[in-house]
Amino acid sequence: MGVSTLNDLRGIGKTRAEAFARAGIETLADLLNYFPASYRENRLIALNRSDPGSPCLVKLCVQSVPRISFFAGGRRAVRFQASDDSGVCDVVYFYQTYLAKRFCVGKTYYFYGRFKPSGSRYLAFSPDYSDGDQTLPAITPVYPLTKGLTQKMLQSAIAQVLPEAERIVLENLPAEVLREHDLMPRAQAVRAAHQPRSVEEASRARARFAFEELFFFRLDLLLLQKKRGIPSIAPLHAVSTAPYFAALGFAPTEAQNRAIAEIFHDLIGTGTEKSLPAMHRLLQGDVGSGKTAVCAAAIYLTLCNGKKAALMAPTELLAEQHARKLERVFSAFRFPVYCLTGTTPAARRRQIDAALNAADPCLLVGTHALISDRVSARDLSLTVVDEQHRFGVRQRDTLLSKAAEKNLLVMSATPIPRTFALFLFSKDDVSTLDTLPPGRQPVETYYVGASKRDRVDTFVEKELNAGGRAYIVCPLIEESEESDLMAAQSRFELAKARFKPYNVGFLHGKMSAAAKREAMQDFAQGKTRVLVSTTVIEIGIDVPEATVMCVENAERFGLATLHQLRGRVGRGSRQSYCILLSDARGKAARERLQKLCEIKDGFKLAEYDMDTRGPGDFFGVRQSGFSAFTAAREQDGELLEKASRSAQDFFEKTVDK
Ligand code: ADP
Ligand code: MG
């Protein structure tokens with residue numbers, strides 16, 4: 001008989017079940033709903049035509065018996081040589097030493113990965129592989145991975161469950177809606193998403209899920225608005241912002257003033273109302289436009305009214321930075337600022353709990369840990385969410401439901417396209433910062449080959465000499481994390497030798513929270529003036545003295561991420577530089593980097609990014625920068641209208657009759 005739990009699947013024991021659970025997969029339905037992040041077209045190329053910058057598919061014959069060898073740090077790896085007519089490649093798999101028995105000399109296999117020229121040969125770390133005798137489907141799904149999961153494990157598990165999709169997957173859209181919009185039934189769409197016969201079929205499946213997401217999001221919103229339409233919040237009393245700006249140390253720009261006025265209007269009203277609908281506002285503005293100062297004004301108003309406020313940030317680093325900076329501002333008024341993250345010690349937590357239970361106003365800054373379990377929104381009059389698109393669907397849901405009757409301000413630097421913004425917020429609920437603070441010079445951006453690294457370093461040295469600070473960012477992407485971490489480590493060693501007099505720090509995601517904090521603070525205070533880092537620094541980090549941002553293997557980052565990284569410099573009045581190092585040979589990748597040099601405006605970049613998104617980018621959560629939806633995309637304007645209308649009809653017929 002059929003399978004009913006994950007444990008019934010071939011190849012899933014206790015350890016693997018745990019790995020699946022970490023990715024949020026606990027039931028068969030979870031598994032079927034775990035969609036590919038993208039698809040790759042299976043176009044075979046010769047080894048010597050491969051692009052070291054992006055993954056390629058080759059077919060190689062194994063030439064040497066796989067051997068187990070040791071790498072730095074005691075890492076064990078399987079290593080062998082394989083070749084096609086055009087070249088020879090050293091293939092290395094870390095840890096998975098059982099693979100030594102899998103590969104036979106004289107047999108051919110498909111390999112999918114990055115093949116880097118290395119001397120007269122090529123080198124590949126942990127490429128995906130499959131038997132060379134079979135014919136590959138036209139496209140293969142690529143799943144997002146977390147620790148302990150591989151593409152193979154997911155593919156095999158999903159293939160076992162798909163025959164039962166009809167039983168497991170329940171339709172959730174009304175039949176007439178499916179008919180009217182010619183949408184795939186849910187079970188069929190699930191199958192098409194996991195094992196599409198063509199790009200076209202995958203794309204129809206995605207459209208079905210996008211529709212579904214938009215439909216339900218709209219429906220939720222209608223319900224929420226129905227609730228929100230009822231005035232429920234006591235208006236705040238107006239206060240003068242002059243003392244606040246005096247403490248802040250700079251005058252607001254016109255755009256900031258406008259946004260503050262809009263927010264204050266939401267919170268105060270005209271001064272005659274007895275109660276107001278809760279605020280539900282989006283504040284958008286490019287990286288560096290000064291959103292923090294705007295939200296802090298709203299926080300100031302709230303605290304002056306004797307109430308509590310919370311500011312939620314997507315990472316611990318960012319939460320701590322916000323807490324530090326706002327503490328400086330609010331100490332002038334004796335408003336306490338507390339920082340609560342996943343690593344706050346128990347004793348401190350108790351202090352914070354006590355403060356929250358007391359009547360006095362305070363500001364609580366933290367990661368989502370703050371909203372999800374510790375603090376009920378009941379205690380908070382205002383909740384601000386920074387870099388809102390970084391939060392996952394579930395966190396957003398919790399937040400929205402908890403904040404339904406409270407004042408909510410969400411901030412985003414990744415421009416949400418107008419259609420979406422208006423769909424999530426009514427037109428009057430969006431404030432935009434369309435200018436940068438005075439004295440900013442656009443960041444000069446250059447794109448150079450990695451062979452120029454030495455010249456780049458000379459340039460960095462000159463900047464350091466002139467008093468600047470520099471970031472050097474290396475990619476670290478889960479799929480091949482071992483080799484990436486090694487690359488980041490060796491870049492750090494290189495920088496340490498080269499920039500010795502300036503002290504070089506190192507920061508990556510696997511460090512403890514305390515070590516991360518220290519590395520960040522050392523750089524902020526100028527104890528280290530070069531920071532080699534993985535993308536943990538990407539969002540929000542504000543060190544105005546930094547003037548150079550070097551990005552290694554720039555082709556591996558999405559445009560939104562590169563723009564965020566560039567936004568880490570150019571925050572003071574000094575000319576700043578962003579240098580993209582890349583050996584990518586693909587035309588599309590090169591053009592993308594070139595565009596980043598030309599376009600400085602985030603909204604324009606996002607437009608370009610949308611226009612050029614490839615057919616392979618389907619359920620892309622990571623790069624879309626818009627993670628409230630996994631299937632829906634920014635180009636889905638038309639679909640959005642349809643889904644929105646459908647939901648409205650449904651709402652009127654069922655809920656609101
Ligand atoms: P973002 O919108 O990316 O969150 P921040 O709020 O971090 O931007 O602000 C970027 C930098 O600009 C900070 O160092 C901040 O102190 C500074 N800044 C913000 N507003 C002004 C202003 N009106 N005048 C001068 N500097 C400002
Ligand atoms: Mg910010």
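Colleague: Which residues come nearest to ligand 1?

Modeller: A residue counts as near if one of its heavy atoms lies within 4 Å of the molecule. Ligand 1 has 16 such residues around it, and Q256, G288, K291, T292 and R440 come nearest. Bear in mind that this is a predicted model: local features need pLDDT of at least 70, side-chain atom pairs count only at pLDDT 80 or more, and totals for chains, interfaces and linings use all residues. Side-chain values use heavy atoms, with hydrogens and water left out, residues are numbered from 1 along each chain as its sequence is written, and chains are lettered from A and ligands numbered from 1 in the order in which they are written.

Colleague: What lies 3.0 Å from an oxygen atom of ligand 1?

Modeller: Think polar contacts, meaning a pair of N or O atoms within 3.5 Å. Here that's a backbone N or O atom of G290. There's also a ligand nitrogen 2.9 Å from a polar backbone atom of A251, and the side chain of R571 puts an N or O atom 3.2 Å from a ligand oxygen.

Colleague: Why is helix α19 described as largely enclosed?

Modeller: Buried means under 20% relative accessible area (1.4 Å probe, protein chains only), and a helix is a DSSP run of H or I, at least four residues. Seven of the eight residues of α19 (559-566) are buried, so the rest of the structure largely encloses this helix. Among them are L559, H563 and R566.

Colleague: And T344, buried or exposed?

Modeller: Buried, at 12% relative accessible area. A polar atom of the T344 side chain lies 2.8 Å from the backbone nitrogen of T341.

Notes: Polar contact = N/O pair within 3.5 Å; in protein donor to acceptor, adjacent residues only side chain to side chain. Buried < 20%, exposed > 50% of the residue type's maximum accessible area, 1.4 Å probe, protein only. Helix = DSSP H or I, 4+ residues; strand = E, 2+ residues; numbered from the N terminus.
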